[in-house]
Amino acid sequence: MNRNMFTGRNASLQKGVPDKPRMKTTQILKRLWKYLYKFKFLLFAALLMTVTSNLLALAGPSLAGQAVNAISGIGQVDFQEVFRCCGLMLVCYALASLFEWLLSVMLIRLSQRIVFQMRKDVFDHLTTLPVSFFDRHQTGDIISHISYDIDTVNTSLSSDLVQICSSIITVVGSLVMMLRINPPLVLVFAVTVPISIMFTRYMSKKVRPLFSRRSAKMGELNGYTEESISGHKTIKSYHQEETMNGRFSTRNTESCDAYYQADYASAGMGPSVNFINNLSLALISVFGAMLYLFGGRFALTLGDLSSFVLYSRKFSGPINEIANVLSELQSALAAAERVFLLLEEKPEEADVPDAIELAVTNGEVSMEHIRFGYLPEQEIIHDLTLNAKGGSLTAIVGPTGAGKTTLTNLLMRFYDPQSGSIQIDGQNIQSVTRSSLRLAYAMVLQETWLFTGTVRENIAYGRPDATQEEVEAAAKAAYIHDFIMALPHGYDTLLTEDGINISQGQKQLLTIARAMLLNAQMLILDEATSNVDTRTEIRIQAAMRQLMKGKTCFVIAHRLSTIQNADNILVVRDGDIVEQGTHSQLIEQNGFYAKLFYSQFS
Ligand SMILES: Nc1ncnc2c1ncn2[C@@H]1O[C@H](COP(=O)(O)OP(=O)(O)OP(=O)(O)O)[C@@H](O)[C@H]1O
Ligand SMILES: [Mg+2]
C-alpha cells in the first residue's frame with residue numbers, strides 16, 4: 001500500500017491506539033467459545049483424551065498402594081498380586097502417555113484450525129469495512145491484529161485449555177480422596193481456597209488492562225515500522241534516519257515496557273497463590289495433629305494424616321497452576337479482545353432492502369444540493385449541484401484540498417452525503433446496489449496500486465478473462481504498450497509489490513490501461529495522469545474519448561492545458577462550484593479559472 005505518513009493525508013488523521021470501549025471478559029469468553037464450538041468434535045475428543053490420560057495416571061498411586069498392601073511382612077508376600085498390580089500400573093502409565101501424545105497432536109490441530117478460521121474471519125471482515133475505516137486506521141496496526149494478536153490467542157488456547165482441564169480433574173479427584181479420609185480436615189480449604197480465588201480474581205482484573213496495553217503498543221510499533229519502511233526514501237532524502245531511529249526506540253521501549261509490566265504483574269500471581277497454599281499445609285499439619293490427639297469421632301491415624309497431606313499437595317498444586325494459567329490467559333483475552341473489536345467494526349452499510357441493479361442507459365450523472373463532511377461537524381461540500389450529460393467529459397479543477405477527490409468518493413458511495421442526492425439516469429444511487437454502482441464506473445485513483453503479479457494480471461485485474469488482444473488494446477490506448485514490450489518478459493514480466501521496478505508515470509499508465517479494459521459506462525480519473533508528461537496526458541485523453549465514446553468521464557487535473565477540450569469544466573473552490581462552462585466560456589468570464597489558467601501559462 002502506498003498509504004503512509006509521508007504520502008497520504010490520511011496518515012495525519014490516524015489515531016495510534018484507538019480508544020475503544022473494553023469488552024467484558026464473559027463476552028470475550030463467549031466469542032472464543034464459539035470458535036471452539038465450531039470444532040466441537042475435535043474439542044470433545046481432546047477433552048476425552050485429557051480425562052482418560054489423567055484418570056489413568058490417577059489409578060497409578062492406588063495400584064501402588066495395593067501392591068504395598070500385598071507385602072504384609074517378610075516371607076508373607078503375595079507375589080501374584082504384586083506382579084498383577086505392577087503390570088497394571090505399567091499398562092496404565094503407558095496408555096496415559098499415549099493419550100497424552102494424541103492429545104497434543106489434536107490440540108495442535110485444533111488451535112491451527114481456530115487460527116485459520118480467525119484469520120479468515122478478520123480478513124473477510126476487513127473487505128466488508130467501509131473506506132472510512134481504512135482512512136482512520138494505520139495499516140501496520142491492522143496487520144498486527146492478523147499476525148500478533150491471533151498468534152497470542154492461539155499460543156494460550158492450545159496449552160492453557162488442557163492445563164485447566166487436567167487441573168480440574170486432579171483437583172476433584174484428590175478432593176474426593178480427602179473427603180473419604182477425613183471430612184472435617186477438608187474444612188481448612190474452606191479458608192484458604194476462597195482467599196486464593198479472590199486474590200486470583202483481583203489480580204486478573206488488574207493484569208488484563210496491562211495485557212491490552214501490551215497488544216496496543218505492539219500494534220503501534222508495527223504501524224510505525226510499516227510507515228517507516230514505506231517512507232524509507234523520504235527518510236533518507238531528509239536525512240532523518242537518526243530521528244526515525246530515535247522515534248522507533250521510543251516506541252520499542254514503550255512496547256517492551258508494556259510487555260514487562262504485564263508479565264511483571266502476572267508473575268506475582270503464581271508465587272502468591274503458592275504462599276497461600278503453603279499456609280493451608282501448615283494449617284492442615286496443626287489441625288491434623290490436633291485431630292490425631294483429641295479427634296474423638298473424627299480422629300485419624302498417622303497414616304491417614306500423611307496421605308491427606310499428600311493429597312492436599314496434589315489438590316493445591318493445580319490450583320496454583322490454574323492461577324498461573326489464568327494470568328497467561330489474560331494476554332490471550334486481551335489479544336482476543338482486539339480481534340473481536342475489529343470484527344465488531346461496522347461493515348459498510350447494507351444496500352437498501354429493495355435495491356435494484358443500476359441500469360445505465362445514457363450515463364447522465366447529476367448531483368443535487370449535496371452537503372457533506374467527513375466529520376459531520378466539519379462540512380467540506382456545501383450545497384453542491386452539478387450535471388454531467390451522458391457521454392460528456394467533465395473536468396474538475398480547483399486548488400488542492402478543494403474537495404475534488406471528495407466528489408469522486410461521493411460518486412462511488414465510498415462515503416454518503418449528509419444531505420442531497422446523486423442520480424444516474426434518474427436513478428438515485430442510494431436505491432441501487434453498491435456493486436452495480438461501482439461496476440458502472442472505471443476509476444483510476446490518485447494513488448496507484450499495483451500488486452505482485454504479471455503486467456497482464458495487473459491490467460486485467462477487473463476482467464481476468466480478457467484476451468491478450470484486449471489487454472494489448474487497452475495498453476496501447478494508455479500509451480504503455482511499447483514500454484511493456486521492452487520489458488524482459490513483455491506482458492509476463494512480474495511486477496513486485498507497488499511496482500517498485502517501474503516509474504511513477506508508468507505505474508499510472510498501467511492503472512489507466514486497467515480502467516480502460518474494464519469497459520464500464522462511466523470513468524473517473526483522479527489526477528491519474530499527474531505524473532505523465534503533458535503530451536502523453538493529452539494523447540491519453542484523446543484515446544480515451546475514442547474508447548469512451550458515449551461514456552461519461554470525469555477527469556480531475558491540475559494542468560489546465562490538458563483539459564481544454566472538456567465539454568464542461570467545473571471549478572471547485574472550498575467545496576463549492578464557483579464557475580462552470582467550457583474553456584472558452586470560462587476564459588471569457590475572466591474569473592477564478594482564467595486567473596488559474598494564465599498563472600500556468602504566463
Ligand atoms: N478521510 C478524510 N477524513 C477527513 N477529512 C478528509 C479526508 N479526506 C479528505 N479530507 C479533507 O477534505 C478536504 C478535501 O479533500 P479532497 O481530497 O477532496 O481534496 P482535493 O480537491 O482532491 O485535493 P487534491 O488536489 O490535493 O487532491 C480537505 O480539506 C481534506 O483535509
Ligand atoms: Mg484529490
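Because the model is predicted, local features need pLDDT of at least 70 and side-chain atom pairs count only at pLDDT 80 or more, while totals for chains, interfaces and linings use all residues. Residues are numbered from 1 along each chain as its sequence is written.

One open sheet has six strands in the order E6-E9-E10-E3-E11-E12, with mixed pairing. Strands (E, at least two residues) and helices (H or I, at least four residues) are DSSP runs, numbered from the N terminus, and two strands pair if DSSP finds at least two bridges between them. Strand E6 (441–444) and strand E12 (576–581) are the edges; each has a single partner strand, so one side of each has no neighbour in the sheet. On average, neighbouring strands of this sheet are turned by 15 degrees against each other, direction ignored.

Within this sheet, strand E9 (residues 522–526) and strand E10 (residues 552–556) run parallel and are joined by five bridges. Leu525 stands opposite Val555 in E10. Helix H17 (residues 504–518) packs on the sheet and touches E6 and E9; contact requires that the C-beta atoms of two residues, placed from the backbone, lie within 7 Å. The direction of H17 makes about 180 degrees with that of E6. Axes are lines fitted to C-alpha atoms, for helices over the stretch in contact, and angles run from 0 to 180 degrees between N-to-C directions.

A second open sheet has four strands in the order E2-E1-E4-E5, with antiparallel pairing. Its edges are strand E2 (381–388) and strand E5 (427–428), each with a single partner strand, so one side of each is left without a neighbour in the sheet. Strand E1 (residues 365–372) runs antiparallel to E2, and five bridges join them. Phe372 stands opposite Ile381 in E2.

Helix H12 (residues 404–411) lies across strands of both sheets. In the four-stranded sheet, H12 lies across E1, E2 and E4, at about 115 degrees to E1.

Just after H15, Tyr479 takes a positive phi of about 55 degrees.

Technical notes: Chains are lettered from A and ligands numbered from 1 in the order in which they are written.
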